[in-house]
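Q: Hi! Could you walk me through this one? I'd like to know what I'm looking at before I dig in.

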Amino acid sequence: MHRVLFALLCTAGLAGCAATPSPYGNFIPEAPEGVGRTVAEDAVKQLTVVYPPANTRFDLQQPTPDPFGTWLSQSLRAKGYAVQEGAAPPGAQGRTARGEGGMAAGAPVVLPLRYVFDQAANLYRVTLLVGGQSLTRAYLAQNGAVHPAGTWVRKE
């Protein structure tokens with residue numbers, strides 16, 4: 001009897017893990033028009049400060065079917081980044097422009113990229129996770145537009 005109960009509890013626990021949504025993505029079901037674009041373009045401006053476009057390739061680690069994800073990937077490409085959506089080629093992550101890992105000098109650094117775009121009341125927040133670092137900024141919604149509510153915070 002105890003074995004059957006234990007097996008049922010284990011099965012229920014595993015089913016719960018399988019149903020857990022991804023911790024990354026756009027968690028704003030219906031953002032006002034233009035919010036995602038404004039935030040994505042601002043995020044890409046900050047990325048260009050920290051990661052030079054000519055030397056960096058981003059590997060998006062999640063699907064980007066939402067408006068924010070679409071604007072983010074389009075804005076990255078428009079600024080000159082190579083963007084790969086989906087899995088990176090085997091062994092591509094962790095290579096640097098200094099020729100380590102068999103890459104030629106001058107080859108772009110491949111960095112995994114994930115994002116979280118969420119909202120609390122009239123504040124929006126975007127967090128970009130690049131490799132082991134994160135960049136976060138809050139935005140205030142006022143009069144149908146969003147404006148930065150502070151500076152970018154970088155966690156290394």
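A: Happy to, and keep in mind that this is a predicted model. Let's begin with a loop: Ala-121 sits in the loop between β4 (109-120) and β5.

Q: OK, what is phi of Ala-121 near?
A: Phi of Ala-121 is near 55°, a positive value in a residue other than glycine. Most residues other than glycine have a negative phi.

Q: Is Ala-121 buried or exposed?
A: Ala-121 counts as exposed, because its relative accessibility is 69%.

Q: Let's zoom out. How many helices and strands does the protein chain have?
A: The protein chain has 3 helices and 8 strands. Starting at the N terminus, the order is α-β-α-β-α-β-β-β-β-β-β.

Q: And what share of the residues counts as buried?
A: 34% of the 156 residues in the protein chain count as buried. As for contacts between residues at least 6 apart in sequence, 54% of them join residues at least 24 apart.

Q: Which way do β2 and β3 run, parallel or antiparallel?
A: They run parallel: strand β2 (residues 56-60) is joined to strand β3 (residues 82-85) by 4 bridges. To get from β2 to β3, the chain passes through helix α3 (residues 67-78), and this β-α-β crossover is right-handed.

Q: Which residue in β3 does Leu-60 stand opposite?
A: That would be Glu-85.

Q: Now a buried spot, please. What can you tell me about Val-126?
A: Val-126 belongs to strand β5 (residues 123-130). Its relative accessible area is 0%, so Val-126 counts as buried.

Q: Which residues does Val-126 touch?
A: Leaving out residues up to four places away in sequence, Val-126 touches Val-39, Phe-68, Val-116, Phe-117, Leu-135, Thr-136, Arg-137, Tyr-139 and Trp-152. For one of these, Thr-136, the C-alpha atom is separated from that of Val-126 by 5.7 Å, and the two residues are 10 apart along the chain.

Q: How many cavities of 30 Å³ or more does the structure hold?
A: There is 1 cavity of 30 Å³ or more. The largest cavity holds about 30 Å³ of space.

Q: Which residues line the largest cavity?
A: Its lining is made up of Val-50, Tyr-51, Leu-128, Val-130, Gln-133, Ser-134, Leu-135 and Arg-154. By type, the lining of the largest cavity has 5 nonpolar, 2 polar and 1 charged.

Q: Which element supplies the largest share of the lining of the largest cavity?
A: The largest share, 3 residues, comes from β6. Both β5 and β6 supply at least two residues of that lining.

Terms used
Residues are numbered from 1 along each chain as its sequence is written. This is a predicted model: local features need pLDDT of at least 70, side-chain atom pairs count only at pLDDT 80 or more; totals for chains, interfaces and linings use all residues. Side-chain values use heavy atoms; hydrogens and water are left out. Two strands pair if DSSP finds at least two bridges between them. A crossover is right-handed if, with the strands pointing away from the viewer, the path from the first strand over the helix to the second runs clockwise. Buried means under 20% relative accessible area, exposed over 50%, partly exposed in between (1.4 Å probe, protein chains only). Contact means heavy atoms within 4.5 Å. On a 1 Å grid over the protein atoms alone, a cavity is a set of points where a 1.4 Å probe fits but cannot get out, and a pocket is an open set with protein on both sides within 12 Å along at least five of seven lines; lining residues have an atom within 4 Å of a point. Grid points are joined across faces, edges and corners, and a volume is the space filled by probe spheres set on the points. Ala, Val, Leu, Ile, Met, Phe, Trp, Tyr, Cys and Pro count as nonpolar, Asp, Glu, Lys and Arg as charged, and the others, Gly among them, as polar.
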